[in-house]
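Student: I would like to go through some labels and ask what each one rests on. Let us take them one at a time.

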Amino acid sequence: MSLHPVVAEVTERLRERSRDTRAAYLDRIGAAAVEGTHRARLSCGNLAHGFAACGAHDKTALREGRAPNIGIVTAYNDMLSAHQPYERYPALIRDIARESGFTAQVAGGVPAMCDGVTQGRSGMELSLFSRDLIAMATAVALSHDMFDGALYLGICDKIVPGLLIGALSFGHLPGVFVPSGPMPSGISNEQKSKVRQAYAEGKANRAQLLEAEAGSYHAPGTCTFYGTANSNQMLMEIMGLHLPGASFVAPDTPLRDALTAEAVRRCAALGKNGENLPIGHIIDERAIVNGVIGLHATGGSTNHLLHLVAMAQAAGIALRWEDFDALSAAIPLLARVYPNGYADVNQFHEAGGMAFLIDQLLSAGLLHGDARTVAGGTLADYGKVPTLDEAGQLVWTPVLKESGNRGVLRGVSEPFRPDGGLRMVHGNLGRGVIKVSSVPDDRLVIEAPAVVFHDQDEIKHAFDRGELDRDFIAVVRFQGPRAIGMPELHKLTPTLSVLQDRGYRIALVTDGRMSGASGRVPAAIHVTPEADDGGPIARVRDGDIIRLDAHLGTLEVLVDAAQFAARTPAIEDLSRHQHGMGRELFGMFRRNAAAADLGAGVL
């Protein structure tokens, strides 16, 4: 199947726009590759430090320096359910390396905070900042000139983007991302959502809410809704950095261990002269476009309008929101996973999962099938499902051509909708993004008076006072990267959902972020320029009529243009945020924070 003309056009435009920066990046990693691994040229004292703690076998191998040494960069901690399974991975990886004739060492750890724990708390203000910190920590881990390749152990929101940005700074090294898999399905996400809304209305108590939450988040593994963490896993597979079918295999199972073992072997093989495929060559314009397509086809997390831009930039590729928008019109929505539907990622996986999705997109010319991958071939090989044969050996078999559950996953001939799940909006309030895949069709256009807030808690207080039982558009500003680090505003979801369910026509406009799990309430988010940078959103006043039209992609305040331009932008006293835990670190981020459409980070 020939490549779809829109996919081809966007890719070529991206390639042309990135010509100079991509060439400079490739020159840089090419020079590093020519120099090679410096381990053999380390001074005796430096090298002795590098293997001092190793066992006799590994010490001998590192002294002689002939076999590859694989660095492990891990986001393990046992507070995050998604990362708890990684506790046993270093030992497993070292054993596989020894059996295969090479060595592996933990190069370093990176911070791994959980947005689910910090949601609505001051810690969330460090969340986006943590992505760039993770990238720097990854680069520090790889800075010792001890490694011929690297394995990256990470799952969740800012962690995978940070790991990839850091990995690309050492883009001359081969690298494989190693997932750990989702937890078993608990209570349904719909049940959990209903209890959350009941609690917001005062119809459920804290004990009932905690029981529902604990029934959902109940075991090791990734949370099972389709938020940023699972969007990360989809991205790593469709961009060729996971082995085929690895993303959603359950933790601590024989198949998961077999996939991890194969990832170790593949990382070593990618550095050999016969393959010589470093991560900086896998992540090219084709891989980036494939990632955007995957987001649209699955209704993925809006957070990747920030992260994928930053990841591309780390590889010298100038991805822009216009590229997302152009692809949205051509890419059908093929998956409905909560919050875009009733299913969780386990049901998505059982219905055919990533193999079915990739196979369908390839069959319609909607992916770059020639993009290179860590499996050693191209993405065309990723329409296969991993299994263990009777001897316990890992094999891949072609995915079935029919979905195992059409309510969750469909082919390109019968999509849930003909266009993608993410859409750009723009107008006299700036530019933003809206996730349309889970918004009811009759809520894609909202015109209503503005009610302005400078903190998400103010909405809950107004709701409790009975002031929001009406049509309105909540404008929550001074939430951007420069102001307070662009925290997620997922705490708003139950309150706004209650009001929408009461029949009111409501929407959200903000220069902050919503969780990748947010859905049914129409929300124009990541609005840029942000209020703290003097953006138009800072001129909005209570009662101004705002029109959010996801069909036309417009975001307008219906005020006379001259009058609106003459208004003095609001100024927020942000000093009340200076006393949160860790806030003294935020100054480093704030001084360098980019606009949302530039990736909203330091790097």
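Tutor: Start with strand S3 (residues 149-153) and S4, which pair in the parallel sense over 4 bridges. The model is a predicted one.

Student: Why are S3 and S4 called a pair?

Tutor: The definition asks for at least two bridges between two strands. S3 and S4 have 4 bridges, so they pair under that definition. Within the pairing, Tyr 152 stands opposite Phe 177 in S4.

Student: What makes strand S2 and strand S4 edge strands?

Tutor: The open sheet has 4 strands in the order S2-S1-S3-S4, paired in parallel. Strand S2 (103-109) and strand S4 (175-178) each have a single partner strand, so one side of each is left without a neighbour in the sheet. Neighbouring strands of this sheet are turned against each other by 25° on average, direction ignored.

Student: How do you know that S5 and S6 pair?

Tutor: Strand S5 (residues 384-388) and strand S6 (residues 394-398) are joined by 5 bridges and run antiparallel. The requirement is at least two bridges, so S5 and S6 count as paired. Thr 387 stands opposite Val 395 in S6. The two strands form a hairpin with 5 residues between them, and Gly 392 in the turn has a positive phi of about 80°.

Student: Why is the contact between Asp 370 and Arg 286 called a salt bridge?

Tutor: The closest N and O atoms of Asp 370 and Arg 286 are 3.4 Å apart. The cut-off is within 4 Å, so the contact qualifies as a salt bridge. Asp 370 lies in the loop between helix H18 (353-363) and S5, and Arg 286 lies in helix H14 (residues 285-298), so the pair ties together parts that are 84 residues apart in sequence.

Student: Are these two residues buried, exposed or partly exposed, and what decides the label?

Tutor: Buried means under 20% relative accessible area, and exposed means over 50%. Arg 286 has 15% relative accessibility, so Arg 286 counts as buried. Asp 370 has 43%, in between, so Asp 370 counts as partly exposed.

Student: What makes Asp 457 and Lys 491 a salt bridge?

Tutor: Their side chains meet at 2.6 Å, N to O. Asp 457 lies in helix H19 (residues 456-464) and Lys 491 in the loop between helix H20 (481-484) and helix H21 (493-501), so the pair ties together parts that are 34 residues apart in sequence. Asp 457 is partly exposed at 28%, and Lys 491 is partly exposed at 40%.

Student: How many salt bridges does the structure hold?

Tutor: It holds 33 salt bridges.

Student: Why is the pair of Tyr 217 and Phe 225 called edge-to-face?

Tutor: There are 4 aromatic pairs by the rule used. Tyr 217 and Phe 225 have ring centres 6.4 Å apart and 75° between the planes. The centres lie within 6.5 Å and the angle is over 60 degrees, so the pair is edge-to-face. Tyr 217 is partly exposed at 31%, whereas Phe 225 is buried at 17%.

Student: What makes Phe 248 and Phe 348 edge-to-face?

Tutor: Their centres are 6.0 Å apart and their planes are at 85°, so the pair is edge-to-face. Both Phe 248 and Phe 348 are buried.

Note on methods. Residues numbered from 1 in each chain as written. Predicted model: local features only at pLDDT ≥ 70, side-chain atom pairs only at ≥ 80, totals over all residues. Heavy atoms only, no water. Buried < 20%, exposed > 50% of the residue type's maximum accessible area, 1.4 Å probe, protein only. Axes fitted to C-alpha atoms, helices over the stretch in contact; angles between N-to-C directions. Phe/Tyr/Trp six-rings, centres within 6.5 Å; stacked < 30°, edge-to-face > 60°.
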